[in-house]
Amino acid sequence: MTAVFFDRVTVLASYDRSARTAGGRAIPLPSVVLLRRYISPVRRVAVTRYGIFTRDGNRCSYCLETKSTSELTFDHVVPRSRGGASTWDNLASACMPCNFRKANRTPQEAKMPLLQPAYEPTQAGLYARGMEIGLRDDIPTSWLDYIYWKSPLQA
Ligand SMILES: [Zn+2]
C-alpha cells in the first residue's frame, strides 16, 4: 500500500477486499503490482527446515519414502560434530528411522547413500518445487495470469 501510495508500482490486479485510508476512502487491496524500477531478486535462499523438506519433495533422502513434514527431520550429511555445516548442500530430509540409523556417521560410513541430491535451490526453483508437491493451495486466483506455475486447485 505504501508503494502504491508513493507511486512506485502500477496496480495490475486487486483483491475484492479494500483498505481504508485515514480519510475513510476505500482503496482496493492490490494483488498484483508492476514495479516501476527493476529490483533484482535475492540471489541466495535462506536455509530453513521447511525449505529443505520442500526441495526434497517431503521425501527421506535415504529411503525415498514420502512423509508428512511432522515425520521428517533434517540430517547433516557430514555430521556437525565432524565439521559439517548447516548449508543447503549438507542438509537432507530424513525420516526418523533413517536419521536414527545413520546417527553420527557420513553416508559412506553408514552405507546409506544420499538418494537425492542436497543442493542450493534458487528462490524460483523452490517455489516451483513447492507447487509440484502441492504445499501451496492458497494462491490467489488473480495471480495466476502472472505466474508460470499453476495452482493445484486448477490441476
Ligand atoms: Zn528414510
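1. Strands here are DSSP runs of E with at least two residues, helices are runs of H or I with at least four residues, and both are numbered from the N terminus. Aspartate 75 sits in strand β3.

2. The model is predicted: local features need pLDDT of at least 70, side-chain atom pairs count only at pLDDT 80 or more, and totals for chains, interfaces and linings use all residues. Residue numbers start from 1 along each chain as its sequence is written, and side-chain values use heavy atoms, with hydrogens and water left out.

3. The domain assignment of the protein chain, whose bounds come from an automatic or database assignment, gives domain 1 (2-35) and domain 2 (42-139). Their C-alpha centres lie 38 Å apart.

4. Four cysteines hold the zinc ion: the SG atoms of Cys60, Cys63, Cys95 and Cys98 coordinate the metal at 2.3 Å. Donors are N, O and S atoms within 2.8 Å of the metal (3.2 Å for Na, K and Ca); water is not among the atoms, so sites may look incomplete. Angles among the 4 donor atoms run from 100 to 117 degrees, and the site is tetrahedral, a label given to four donors if all angles lie between 85 and 135 degrees.

5. Along the chain, the zinc donors follow the spacing C-x2-C-x31-C-x2-C. Cysteine 60, in the loop between α2 (49-55) and β3 (72-76), and cysteine 98, in helix α3 (residues 96-102), are 38 residues apart, and the pair links distant parts of the chain. Cysteine 60 counts as buried because its relative accessibility is 0%; cysteine 98 also counts as buried, at 8%. Buried means under 20% relative accessible area, exposed over 50%, and partly exposed in between (1.4 Å probe, protein chains only).

6. Strand β4 (residues 91-95) has 5 of its 5 residues buried, so the strand is largely enclosed by the rest of the structure. Leu91, Ser93 and Cys95 cover one side, Ala92 and Ala94 the other, and all are buried. β4 pairs with β3 in the antiparallel sense over 5 bridges; strands count as paired if DSSP finds at least two bridges between them.

7. Aspartate 75 is buried, with a relative accessible area of 3%. Leaving out residues up to four places away in sequence, its contacts (heavy atoms within 4.5 Å) include Tyr62, Asn90, Leu91 and Asn99. The side chains of aspartate 75 and tyrosine 62 make a polar contact of 2.5 Å. A polar contact is a pair of N or O atoms within 3.5 Å; within protein, one must be able to donate a hydrogen and the other to accept it, and residues adjacent in sequence count only if both atoms are side-chain atoms.

Key
Four donors count as tetrahedral if all angles lie between 85 and 135 degrees; four count as square planar and six as octahedral if opposite donors are over 155 degrees apart and all others between 65 and 115; anything else is irregular.
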